[in-house]
Amino acid sequence: MGHVLAVVSQKGGVGKTTTSVNLAAAFARRGLKTLVVDVDPQGAVRYGVGLKRGHPPHGFSDYLNGARGLREVILPTALPWLRVMLAGTVSDAADHGTYHALVAETDLLKELLTAARERCDVVIVDTPPGLGPIVHKVLEASQHVIVPLQCEPLALQTTPQILRGIQGPDASLADYCYAVTKLLDFSKIVRRQQNRHRRILLRERADHLAHARSGEWIE
Ligand SMILES: Nc1ncnc2c1ncn2[C@@H]1O[C@H](COP(=O)(O)OP(=O)(O)OP(=O)(O)O)[C@@H](O)[C@H]1O
Ligand SMILES: [Mg+2]
């Protein structure tokens, strides 16, 4: 039985897709049967996963609405052990409402990830930002979670939100503690970064004042 690893964050643009794609490629290069699943309707996985030119556009959303079968939405990549399921044609639609409703109201996502786990060593799921119904469905079917975090104070302050979401009503995720440990490590990095920035700013200000006093400042 393989492992489902969800990449989630309450914030957007923090590196979820980049982490998903690179981690999947790293696992596949080590010979593990790896599937990366894009459930974010933005569909950004398609740009970085090494698909062959002219690949079909369909993916998870097309499986979800019954337009395509499972075999049609699992695509090969340049790496022999890496397969991908794109978000599909929802990425080109102007409205994602039906997609969100289908994910929220059915158990298809959970069934899909459970079935994928039986056939793969690792299933990596790239999710949309936030803690909406799609992310909750993914978390229900995952054994591991990674929360990419930027080294800045606000990211750290909003992190308890995602930890509460990961913990969920039954705190069933085995790797919850792992996420917390990583975040504590990050807090040290943030503090170090802040001190470094403070030192740079003080030096710049001193240089600036010295320059201004010398009269060269006003031309
Ligand atoms: N470790 C990193 N260091 C520096 N830049 C990064 C890193 N990871 C990702 N980026 C850059 O940050 C930007 C956002 O990355 P990405 O699209 O992976 O974030 P995301 O969390 O998936 O965004 P969204 O919430 O919109 O899905 C991209 O331009 C990407 O190249
Ligand atoms: Mg993304």
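Q: Before going into detail, how many helices and strands does the chain have?
A: The predicted model has nine helices and six strands in its chain. Of the 219 residues, 33% are buried, and among contacts between residues at least 6 apart in sequence, 76% join residues at least 24 apart.

Q: In what order do the strands lie in the sheet, and which strands stand at the edges?
A: Strands of a sheet pair through backbone hydrogen bonds, in either a parallel or an antiparallel sense. In this case the six strands form an open sheet with mixed pairing, and the order across it is β3-β4-β2-β5-β1-β6. The edges are held by β3 (75-76) and β6 (144-146), each of which has a single partner strand, so one side of each has no neighbour in the sheet.

Q: How should I read the pairing around β5, and which residues are the bridge partners there?
A: Strand β1 (residues 3-7) pairs with β5 in the parallel sense over five bridges, and V122 of β5 is the bridge partner of H3. Strand β2 (residues 34-38) also pairs with β5 in the parallel sense, over five bridges, with V122 as the bridge partner of T34 in β5. Further along the sheet, β1 and β6 run parallel and are joined by three bridges; in β6, the bridge partner of V7 is I146.

Q: Is strand β5 enclosed or open to the outside, and which residues cover its faces?
A: A residue counts as buried if 20 or more other C-beta atoms lie within 10 Å of its own. Five of the five residues of β5 (residues 122-126) are buried, so the strand is largely enclosed by the rest of the structure. Both faces are covered, with V122, I124 and D126 buried on one side and V123 and V125 buried on the other.

Q: Which residues have the most contacts inside the largest nonpolar core?
A: In soluble globular proteins, nonpolar side chains tend to be buried together. Here the largest nonpolar core has 47 residues, and those with the most contacts inside it are A6, V36, F60, V123 and V125. Helix α1 (residues 16-29) gives the most to this core, with five residues. If neighbours within four places in sequence are left aside, V36 is in contact with S20, V21, A24, V45, V49, V84, I124 and D126.

Q: Where does A25 lie, and is A25 buried or exposed?
A: A25 belongs to helix α1 and is buried, because 21 other C-beta atoms lie within 10 Å. Apart from neighbours within four places in sequence, A25 is in contact with L79 and L82, while its C-alpha atom is separated by 9.5 Å from that of L35, ten residues apart along the chain.

Q: How are the buried residues of helix α8 arranged around the axis?
A: In α8 (residues 159-167) the buried residues are T159, I162 and I166. They cover an arc of only 65° around the axis, which puts them on the same side of α8. The face turned away from that buried side carries the exposed residues P160 and R164.

Note on methods
Residues are numbered from 1 along each chain as its sequence is written. Chains are lettered from A and ligands numbered from 1 in the order in which they are written. This is a predicted model: local features need pLDDT of at least 70, side-chain atom pairs count only at pLDDT 80 or more; totals for chains, interfaces and linings use all residues. A residue is buried if 20 or more other C-beta atoms lie within 10 Å of its own, exposed if 12 or fewer, and partly exposed in between; C-beta atoms are placed from the backbone. Helices (H or I, at least four residues) and strands (E, at least two) are DSSP runs, numbered from the N terminus. Two strands pair if DSSP finds at least two bridges between them. Two residues are in contact if their C-beta atoms, placed from the backbone, lie within 7 Å. The arc is that of the directions from the helix axis to the C-beta atoms. A nonpolar core is a set of buried Ala, Val, Leu, Ile, Met, Phe, Trp, Tyr and Cys residues joined through C-beta atoms within 7 Å.
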